[in-house]
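Open the structure in your viewer and keep the selection tool at hand. The stops below say what to select next and what is there.

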Amino acid sequence: MDFSFQDLSGTFSVADIAIAMSLSFVLSAMIGWVYRATHRNVSYSQSYVQTLVVLGMLISLIMLVVGSNIARAFALVGALSVVRFRNAIKETRDVGFIFLVMGVGMAVGTRFYLLAVVAAVTISLIIMIMSRFNWFQLNVRRQVVKVQVPSDEDYTHAVQDVLVRHTDEFELVSMESIRAGALTELMYTVRIKKGSEPADLISGLRERNHGQSVTVLTGYDQSDL
């Protein structure tokens, strides 16, 4: 009994389909575990990792459907362009993992099985090594300072005078009107000088902003800001 399916893209057997789906699942799941093992921030999403696995299998399926037929490829591009994704990607590395599972799925779907396995394993090992040895880390610790000042006068220079005394460098990130315009909230990223404490910075700022709220958030990496 012949289980082959014939269409304009060529002939592929049930075995081809089983291999493509199984291999794309295994490799995508492996990439998902690598993502989980190397994730460090609080934005981890189980749904995102499951989507990576499904995406790898879907890309493999799409490549089987497209085959070498250019017209079908353009038709699929037009159909997929209707899809709109409203969830923002939280980290740039998440985009890299999406492209990784897409590349593996494309390789499996076009029956470059060895290429898919070698690429997935090699790139996953590189990701694990970079995570294990913390490559490209920039050891610069910064603080976020939020200062509320009355809106009736310009307190920017007064606040910056205090920052000059207690920090090595600072940068104004945002300026926001709050409490129906009665106060202005200034947010800075700073690097506190050695020998200075956050409490000293808070005390100096409260002397200049007439006792309004001052907040210092510590422990931020420069890459997180």
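Of the 225 residues in the chain, 33% count as buried. Keep in mind that this is a predicted model.

**The whole chain**

Start with everything selected. Colour by secondary structure, and you will see seven helices and six strands. Follow the chain along its sequence, and the pattern reads β-β-α-α-α-α-α-β-α-β-β-α-β. The accessible surface comes to about 14200 Å². Carbon and sulfur atoms hold 62% of that area. Next, think about contacts. Among contacts in the chain with a separation of 6 or more, 72% are between residues 24 or more positions apart.

How many salt bridges does a search of the whole structure find? The search finds two. Side chains of opposite charge can pair when their charged atoms come close.

Select Arg-111 and Asp-16. Their side chains meet in a salt bridge, at 3.8 Å from N to O. Arg-111 sits in the loop between α4 (92-109) and α5, while Asp-16 is in helix α1 (residues 14-38), so the pair ties together parts that are 95 residues apart in sequence. Compare the two ends. Arg-111 is partly exposed, with a relative accessible area of 36%. Asp-16 is buried, with a relative accessible area of 19%.

**Second stop: Arg-191 and Glu-169**

Select Arg-191 and Glu-169 for another salt bridge, with an N to O distance of 2.9 Å. Arg-191 belongs to strand β5 and Glu-169 to strand β4, so this pair ties together parts that are 22 residues apart in sequence. Is Arg-191 buried or partly exposed? Arg-191 is partly exposed, with a relative accessible area of 30%. Glu-169 also counts as partly exposed, because its relative accessibility is 31%.

Glu-185 is buried yet has no salt bridge. Which side chain of opposite charge is nearest? Lys-146 is, at 5.0 Å.

Now show Gln-148. A polar contact of 3.5 Å joins its side chain to that of Glu-185. Then show what surrounds Glu-185. Setting aside residues up to four places away in sequence, Glu-185 touches Lys-146, Val-147, Gln-148, Ser-174, Met-175, Glu-176 and Ile-178.

Met-175 is in strand β4, residues 167-178. With neighbours within four places in sequence left aside, Met-175 is in contact with Thr-156, Thr-184, Glu-185 and Leu-186. Now draw a C-alpha to C-alpha distance from Met-175 to Val-147. The two are 9.7 Å apart in space and 28 residues apart in sequence.

**Last stop: a nonpolar patch**

Go back to the surface view. Select Val-117, Val-121, Leu-125, Ile-129, Phe-133, Trp-135 and Phe-136. Together these residues form a nonpolar patch on the surface, with about 720 Å² of accessible area.

Zoom in on Phe-136. Where does Phe-136 lie? Phe-136 lies in the loop between α5 (113-132) and β3 (141-150). Phe-136 counts as exposed, because its relative accessibility is 72%.

Terms used:
Residues numbered from 1 in each chain as written. Predicted model: local features only at pLDDT ≥ 70, side-chain atom pairs only at ≥ 80, totals over all residues. Heavy atoms only, no water. Buried < 20%, exposed > 50% of the residue type's maximum accessible area, 1.4 Å probe, protein only. Lys, Arg positive; Asp, Glu negative; His and termini not counted. Salt bridge = Lys/Arg side-chain N within 4 Å of Asp/Glu carboxyl O. Polar contact = N/O pair within 3.5 Å; in protein donor to acceptor, adjacent residues only side chain to side chain. Contact = heavy atoms within 4.5 Å. Patch = residues over 30% accessible without salt bridge, like charges linked within 9 Å, V, L, I, M, F, W, Y side chains within 5 Å. Areas by Shrake-Rupley, 256 points an atom, 1.4 Å probe, with all protein chains shown as cover. Helix = DSSP H or I, 4+ residues; strand = E, 2+ residues; numbered from the N terminus.
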